[in-house]
Amino acid sequence: MRTKSVGKKKINVVTLGCSKNVYDSEVLMSQLKANGKEVVHEDKGDIVVINTCGFIDNAKEESINTILDYVDAKNRGEVEKVFVTGCLSERYKPDLIREIPDVDQYFGTRDLPILLKHLGADYKHELVGERLTTTPKHYAYLKISEGCDRPCSFCAIPLMRGGHVSTPIERLVTEAQKLAKKGTKELILIAQDLTYYGLDIYKKRALGDLLKELVKVEGIEWIRLHYAFPSGFPEDVLDIIREEPKVCNYIDIPLQHINSDLLKSMKRGTTHEKTDALLGKFREKVPDMAIRTTLIVGYPGETEEIFQELKDWVREQKFDRLGCFTYSHEENTGAYVLEDDIAQEVKEARVEEIMEIQSQISWEKNQEKIGNTYRCIFDRKEGNYFVGRTEYDSPDVDNTVLVSAENTYISIGDFADVKIISAEEFDLYGELI
């Protein structure tokens, strides 16, 4: 039986994991399209490229199950080839080759040119800044650096992504301009560590300098900051958030814990007192800023007393947004030599306790918003509602604003002023002004 020619084969890119992987998949797809390839995202194709996550146990399990599903599809003749790239492949390539040999080829996180060769394409340097975005066209992720130099004991990211490498400001501005021309209105700045940006190429923390250039890009209306590190945070950024209308009053700063002994073991470079001082500075300089954080519970040595300290602190700080994860005992990390001494069911119960506290905080904060008017951007229509967000909310992880679609029409990607008429824990209900 004759197979289709290489040029006619459709390539399906499947993305797992975080927004950094979304960005990498978009770059891959842009390169393939420029080579004349037919490429789709999470659809049907003759060739499958799985961009995997290898961060913690749940993510690894999802990646492995997805690989096995597509290998089964290949064995049934439904797809011709399966390629695997991304963090899981970078970290466990020899094990994967041994355990799942039916995958045609495994690639690491920095093997894009080699992957393209196997897909019958050439890496085109002139495409810097070009992406085939998979997000709704009005917002896009902008990855400002790759890798991480931090020594956090629980984290395997440096093993998978390598050391920190900043992307030059002029390249990021060019990329933002290209996105704006395609209709992007909101840029979500991502990195393993925004705080470190610029130290390698400019010999100083240059996130503020980058923001000053990005706000000049015509068509971009919101710029949002994700994944800042608490130690060494560049305070000039707070002045820019306060003074520059395009930079959202929002920051995502994963704090992970508050107990000083655990923070020392985690190698976070901070303490309970320093963390509180930093949060106080945030609120002093930008009183209207929404602070999002993430926490890890069940880290080795987290006693009931230490966990109580964490709960008390969450109640005290009243974060606008908060996520919580169980500690995952990752080989080759600094914490792997410690005894994983907390049972999984205890870890999960602690997550539930933290999120219950946060749910009440979120409900109280949302009640205070009733009667206020907010500028919102609308991401989609879902059932009988148009679903939007305020500047205090990032897509997929934060609160939403719901406007009834019964007697109202809103174009997806448009901004609109919305008066809040009622509120739940994580949703606001409003009407157009």
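Okay, let's start with one lysine: Lys-204 has 42% relative accessibility, so it counts as partly exposed. That label means between the two cut-offs, with buried under 20% relative accessible area and exposed over 50% (1.4 Å probe, protein chains only). Before I go on, this is a predicted model, where local features need pLDDT of at least 70, side-chain atom pairs count only at pLDDT 80 or more, and totals for chains, interfaces and linings use all residues. Residues are numbered from 1 along each chain as its sequence is written, and side-chain values use heavy atoms, with hydrogens and water left out.

Back to the lysine. Which residue does Lys-204 pair with? Its side chain meets that of Asp-209 in a salt bridge, 2.8 Å from N to O. By salt bridge I mean a side-chain nitrogen of Lys or Arg within 4 Å of a carboxyl oxygen of Asp or Glu. By that rule, the count comes to 39 salt bridges. Asp-209 is partly exposed too, at 24%.

Next pair: Asp-239 and Lys-285, at 3.4 Å, N to O. This one links distant parts of the chain, with Asp-239 in helix H8 (residues 236-243) and Lys-285 in helix H10, 46 residues apart. Helices here are DSSP runs of H or I with at least four residues, strands are E runs of at least two, and both are numbered from the N terminus. Lys-285 is partly exposed, with a relative accessible area of 22%.

Then there's Arg-350 with Glu-304, a salt bridge at 3.1 Å, N to O. That pair also links distant parts of the chain: Arg-350 is in helix H12, Glu-304 in helix H11 (residues 304-317).

Staying with helix H12, which spans residues 344-369, we find Glu-356. Glu-356 is exposed because its relative accessibility is 62%. Together with Glu-345, Glu-348 and Glu-352, Glu-356 forms a negative surface patch. Patch residues have over 30% relative accessible area and no salt bridge, with like charges joined within 9 Å and nonpolar side chains (Val, Leu, Ile, Met, Phe, Trp, Tyr) within 5 Å.

Last stop: an unreviewed UniProt entry lists residues 367-433 as "domain: TRAM". Over that stretch the chain is 4% helix and 52% strand, and the end C-alpha atoms are 19 Å apart.

Notes
Accessible areas come from the Shrake-Rupley method with a 1.4 Å probe; for residues, only the protein chains shown count as cover. Lys and Arg count as positive and Asp and Glu as negative; His and the chain ends are not counted. The place of a charge is taken as NZ of Lys, CZ of Arg, CG of Asp or CD of Glu. UniProt positions are given in the numbering used here, feature names are shortened, and annotations may be inferred rather than shown by experiment.
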